[in-house]
Amino acid sequence: MLMKALIMLVLSLFGMRRILLVSHCMLNPYSKAVGLLREEKVEASRRIISALLEDFETGVIQLPCPELLYKGLDREPASRESYDNPEFRNICREIANQTVETVEKYERAGIRIVAYLGVEGSPSCGVEWTHFKIGKPEKGRGVFTETLYEAMEKAGVKIILLGLPEDEKYGRLEELLRKLEALRCV
Ligand code: SF4
């Protein structure tokens with residue numbers, strides 16, 4: 001208890017407090033589309049989340065899952081093209097605007113939001129990789145990541161976008177850990 005209070009005091013004195021925004025399924029894999037809940041994906045998320053939790057100076061905000069809000073739990077995997085429609089974009093915009101408001105509150109309190117961590121390959125939360133069509137990963141941002149970034153830019157909030165490679169074809173976990181380390185998040 002005393003140690004925790006001491007850590008909090010040191011953090012507040014030296015202003016090292018920071019927050020990382022993460023995609024919903026990194027903490028709750030049960031939100032994934034039917035058939036996408038696989039061991040290697042859960043393992044990748046767990047490694048990153050465990051590293052984040054080791055760091056007392058970094059808070060983690062779990063964003064809502066836009067696809068879950070749009071289609072529910074029993075949705076089949078779908079392409080970015082199918083999600084690129086006004087109804088889904090409205091859901092993404094709503095989450096993005098609420099996130100911007102939250103970010104602004106923290107930043108006013110001196111807590112920096114350092115980055116957003118999406119999920120590579122996702123039609124919604126992909127950062128460098130998405131699926132414009134099912135079964136064919138391509139370079140590009142998911143609909144939600146794109147909407148969030150636009151909302152942040154409009155509000156003048158600078159944020160770094162990072163993507164979790166749940167699969168090696170999207171990159172190496174060690175590289176992501178290195179990037180998080182450079183931001184001093186792990
Ligand atoms: S929409 Fe985003 S948060 Fe939801 S399951 Fe897909 S990658 Fe995860």
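Predicted model: local features only at pLDDT ≥ 70, side-chain atom pairs only at ≥ 80, totals over all residues.

How many bridges join β3 to β6, and do these strands run parallel or antiparallel?

1. β3 and β6 are joined by five bridges, and the two strands run parallel. If you want a spot to look at, find Leu117, which sits opposite Leu162 in β6.

2. Now the whole sheet. It is open and has four strands, in the order β2-β1-β3-β6, with parallel pairing. At the edges are β2 (58-62) and β6 (160-164); each has a single partner strand, so one side of each has no neighbour in the sheet. Going from one strand to the next, the twist averages 30 degrees.

3. Next, the β1 and β3 pair. Strand β1 covers residues 18-22 and strand β3 covers residues 112-119, and they pair in the parallel sense over five bridges. Helix α2 (residues 39-54) touches β1, β2 and β6, and its direction makes about 135 degrees with that of β6. Helix α5 (residues 86-108) touches β1 and β3, with its direction at about 150 degrees to that of β3.

4. Is β3 enclosed or open to the outside? Of its eight residues, six are buried, so β3 is largely enclosed by the rest of the structure. For the chain as a whole, buried residues make up 34% of the 186 residues.

5. Leu164 is worth a click. Its place is in strand β6, and it counts as buried because 27 other C-beta atoms lie within 10 Å, where 20 or more is enough. Leaving out residues up to four places away in sequence, Leu164 touches Met26, Ala44, Ser45, Ile48, Leu117, Val119, Glu120 and Leu176. Take Leu176 from that list: Leu164 and Leu176 are twelve residues apart in sequence and 7.1 Å apart in space, C-alpha to C-alpha.

6. Why does Ile95 count as buried? Ile95 has 20 C-beta neighbours inside 10 Å, and the cut-off for buried is 20 or more, so Ile95 meets it. Not counting residues up to four places away in sequence, Ile95 touches Leu63, Pro64 and Pro66. Ile95 and Leu63 are 32 residues apart in sequence, but 7.9 Å apart in space, C-alpha to C-alpha.

7. Strand β4 (residues 129-133) and strand β5 (residues 136-139) run antiparallel and are joined by three bridges. They form a hairpin with two residues between them, and Gly135 in the turn has a positive phi of about 80 degrees. Trp129 stands opposite Lys139 in β5, if you'd like a pair to orient by.

8. On to the ligand. Which residues are closest to the ligand? They are His24, Cys25, Cys65, Ser122 and Cys125, out of 13 residues that surround it. Helix α3 (residues 66-71) gives the largest share of that shell, three residues. By type, the shell has six nonpolar residues, five polar and two charged.

9. Last, the overall picture. The chain has seven helices and six strands, and along the sequence they follow the pattern α-β-α-β-α-α-α-β-β-β-α-β-α. The radius of gyration is 17 Å, close to the 16 Å that the globule rule gives for 186 residues, so the chain is as compact as a globular protein of that length. Along its principal axes, the C-alpha trace spans about 50 × 35 × 25 Å. Among contacts between residues at least 6 apart in sequence, 68% join residues at least 24 apart.

Notes:
Residues numbered from 1 in each chain as written. Near = placed C-beta within 6 Å. Nonpolar A, V, L, I, M, F, W, Y, C, P; charged D, E, K, R; others polar. Pairing = 2+ DSSP bridges. Axes fitted to C-alpha atoms, helices over the stretch in contact; angles between N-to-C directions. Contact = placed C-beta atoms within 7 Å. Buried ≥ 20, exposed ≤ 12 C-beta atoms within 10 Å, placed from the backbone. Rg over C-alpha atoms; globule rule 2.2 N^0.38 Å.
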